[in-house]
Amino acid sequence: MSRFEQTFDHFLLEHQERYNRTYHFLILMDALISAAKRIQYYYLTGALKGNLGLAGSVNVQGENVMRMDQIAHEITIHYLEKSGRIIQAVSEESKEIITLNPDGRYFIYFDPLDGSSNIPHGLPVGFLFGIAKKNLDGPEDNHLRAGKDYIAAGMFVIPTGTFTLGLRDAGTWRFHIDETMTFVKPRKMVLPQAPATWELSFNAANRRTFSERARSWIDEHEDKYAFRYLGALAGDFHRVLANGGLFMYPAIVNHPDPNKNRPEGKLRLMYEAAVVAFMCREAGGTAVDERGMPILDIQPQRHHQRTALYVGSRELVEDIAHRLKEE
Ligand code: AFP
């Protein structure tokens, strides 16, 4: 008889009871897990179903939308709507904010299929989400929340079958999917202190387009650490969280073609940067933007707002933040 490992459901039930919380969050998490499993199914069977490849349209970020992105979005909205717990959803794949249930309890910000350029190669993609709760005590209700107001943030790595969830003031936990398609075996993630294992992760092809401050920091530090880059934030951050180190997507300010500069950064604040920053904080790390300011403090002005991102082990992030703040 096989050993029984603790399931995600039992872990979360215990967590909710320990902190005297309601069952609403359990229902929401169940919806997200159902969505992630179904997206994984479509990913794995996509080639057979003819669902891979460009859909020929462009998403709100101006990028090519793959059919899988749209499928993943529709799947996620379906389960969120059925949960009855979401007031409004911000999805990377929808220009407009989606209102689901005005009597709901949470706001959600998600990217159901991040890193879509990996799809034709069968390599990992991510499903990233952040959750904020409506103000139960007073007038409300602004859906544009800073990351420090999230109550939870997490990511599925698809089709690898891992799920990492940060819970406010209760740590970041990693689960993997077992042979019965159940997420099991919670492991508390704590960023390691040992510099020998630290890794750096950034798109090296962009290196000459970074600011002088970011470039000089990389020049001085890169020899000390291993370099890893997958091109899907969930996968790259997954490694950094386990091994320690620094993931960065700096602002592009020195591109030979000035039209290709991205002084505001590339990644999306609400459903990419703040999500990993939140999980990182709960694991003992931190994250800053191009000004060296904490990502979790940024109050979004627009739901698809972008930011530069430096996230990972506190010592490394604080060191580069110091450099970024220099006159
Ligand atoms: P896509 O979903 O458009 O592939 O973008 C993925 C992503 O937002 C994030 O997951 C990666 O870390 C980053 O962009 C990779 O960007 P580069 O291809 O410019 O390195």
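Tutor: We start with an open sheet of eight strands, which has mixed pairing and the order 4-3-5-6-7-8-9-10. Its edges are strand 4 (98-99) and strand 10 (183-189), each of which pairs on one side only. Please keep in mind throughout that this is a predicted model. Helix 3, covering residues 67-83, packs on this sheet and touches strand 3 (86-91), strand 4, strand 5 (106-114) and strand 6 (125-133), and the direction of the helix makes about 155° with that of strand 5.

Within the sheet, strand 7 (residues 150-158) and strand 8 (residues 162-167) run antiparallel and are joined by six bridges. The loop between strand 7 and strand 8 holds P159, and the peptide bond that joins I158 and P159 is cis, with omega at about 5°. That is worth a second look, because most peptide bonds are trans and most residues other than glycine have a negative phi.

D169 is found in the loop between strand 8 and strand 9, and its phi is near 60°, a positive value in a residue other than glycine. D169 counts as exposed because it has 8 C-beta neighbours inside 10 Å. M181, in turn, is found in the loop between strand 9 and strand 10, and the phi of M181 is near 65°, again a positive value in a residue other than glycine. With 11 C-beta neighbours inside 10 Å, M181 also counts as exposed, the limit for that class being 12 or fewer.

The domain assignment gives domain 1 (8-189) and domain 2 (195-325), and the centres of the two domains, taken over C-alpha atoms, are separated by 22 Å. Where the domains meet, 35 residues of domain 1 are in contact with 27 residues of domain 2. On the side of domain 1 that touches domain 2, the elements that give two or more residues are strand 5, strand 6, strand 7, strand 8 and strand 9 (171-177). By class, that side of domain 1 has 18 nonpolar, 13 polar and four charged residues.

Twelve residues surround the ligand, and the closest are D114, G115, S117, N203 and L233. Sorted by class, the shell has four nonpolar, five polar and three charged residues.

There is also an open sheet of five strands, again with mixed pairing, in the order 12-11-13-17-15. Strand 12 (226-227) and strand 15 are its edge strands, each pairing on one side only. Strand 11 (residues 199-201) and strand 13 (residues 245-249) run parallel and are joined by three bridges, with E199 standing opposite G245 in strand 13. Strand 13 and strand 17, by contrast, run antiparallel and are joined by four bridges; here the bridge partner of Y249 is L309 in strand 17. Helix 5 (residues 233-243) lies across strand 11, strand 13 and strand 17 (309-312), running at about 155° to strand 13.

Strand 13 is mostly covered, since five of its five residues are buried. In a regular strand the side chains alternate between the two faces of the sheet. Both faces of strand 13 are covered, with G245, F247 and Y249 buried on one side and L246 and M248 buried on the other.

To finish, look at the edge of this sheet formed by strand 15. Strand 15 comprises residues 286-288 and includes V288, which counts as buried because it has 26 C-beta neighbours inside 10 Å, where 20 or more are needed. Leaving aside its neighbours within four places in sequence, V288 is in contact with M293, P294, I295, Y310, V317 and A321. For a sense of distance across the model, the C-alpha atoms of V288 and Y79 are separated by 33 Å, the two residues being 209 residues apart along the chain.

Conventions. Residues are numbered from 1 along each chain as its sequence is written. This is a predicted model: local features need pLDDT of at least 70, side-chain atom pairs count only at pLDDT 80 or more; totals for chains, interfaces and linings use all residues. Two strands pair if DSSP finds at least two bridges between them. Two residues are in contact if their C-beta atoms, placed from the backbone, lie within 7 Å. Axes are lines fitted to C-alpha atoms, for helices over the stretch in contact, and angles run from 0 to 180 degrees between N-to-C directions. A residue is near a molecule or strand if its C-beta atom, placed from the backbone, lies within 6 Å of it. Ala, Val, Leu, Ile, Met, Phe, Trp, Tyr, Cys and Pro count as nonpolar, Asp, Glu, Lys and Arg as charged, and the others, Gly among them, as polar. Domain bounds come from an automatic or database domain assignment.
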